Amino acid sequence: MSYTELQNKAVTVRKEHRCVWCGETIEGQAQYRAYVFDGDFMTDYMHLECYEAMANSDSEYLWEGFDAGQFSRGREAEWEDSDE
Ligand SMILES: [Zn+2]
């Protein structure tokens, strides 16, 4: 598994984008990321608060992949088996 980040910045979106974290529509400010993941060029948009939530979540689980809308807006990832 490889991950190379190309861009990661807050942008103002002119078109509507779907947040890959919560699945809701983003208007206005978004966190834009461009990266190469296992040889594939990818881009995605997130709400600023969702990006922050992701940063605060356990990345070990995020490597497994997740679906748009799997999490709640601005909420950290919650995993059923993550009781520590
Ligand atoms: Zn979101």
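User: Among contacts between residues at least 6 apart in sequence, how many join residues at least 24 apart?
Analyst: In this predicted model, 51% of the contacts between residues at least 6 apart in sequence join residues that are at least 24 apart.

User: Which helices and strands does the protein have, and in what pattern?
Analyst: The protein has two helices and three strands. Along the sequence they follow the pattern β-β-β-α-α.

User: In what order do the strands sit in the sheet?
Analyst: The three strands form an open sheet in the order 1-2-3, with antiparallel pairing. Strand 1 (3-18) and strand 3 (40-46) stand at the edges with a single partner strand each, so one side of each has no neighbour in the sheet. On average, neighbouring strands are turned by 25 degrees against each other, direction ignored.

User: What holds strands of a sheet together in general?
Analyst: Strands of a sheet pair through backbone hydrogen bonds, in either a parallel or an antiparallel way.

User: Back to this sheet. How many bridges link strand 1 and strand 2?
Analyst: Strand 1 and strand 2 pair over twelve bridges in the antiparallel sense. V13 stands opposite G28 in strand 2. The two strands form a hairpin with six residues between them, and G23 in the turn has a positive phi of about 85 degrees.

User: And how many bridges join strand 2 and strand 3?
Analyst: Strand 2 (residues 25-37) and strand 3 pair over seven bridges, again in the antiparallel sense. Y35 has M42 in strand 3 as its bridge partner.

User: Why does strand 1 lie largely in the open?
Analyst: Of the 16 residues of strand 1, the number buried is zero, so the strand lies largely in the open. For the protein as a whole, 17% of the 84 residues count as buried.

User: Which residues make up the largest nonpolar core?
Analyst: That core has twelve residues in all: C19, V20, W21, C22, I26, A30, Y45, M46, C50, Y51, A53 and F71. Strand 2, strand 3 and helix 1 (48-55) each supply at least two residues of the core. The largest share, three residues, comes from helix 1.

User: Which residues does M46 touch?
Analyst: Leaving aside residues up to four places away in sequence, M46 touches C19, V20, W21, A30, Q31, Y51 and M54.

User: Changing topic, what are the overall dimensions of the protein?
Analyst: The C-alpha trace spans about 40 × 30 × 15 Å along its principal axes.

Methods: Residues numbered from 1 in each chain as written. Predicted model: local features only at pLDDT ≥ 70, side-chain atom pairs only at ≥ 80, totals over all residues. Pairing = 2+ DSSP bridges. Helix = DSSP H or I, 4+ residues; strand = E, 2+ residues; numbered from the N terminus. Axes fitted to C-alpha atoms, helices over the stretch in contact; angles between N-to-C directions. Buried ≥ 20, exposed ≤ 12 C-beta atoms within 10 Å, placed from the backbone. Contact = placed C-beta atoms within 7 Å. Core = buried A, V, L, I, M, F, W, Y, C linked by C-beta atoms within 7 Å.
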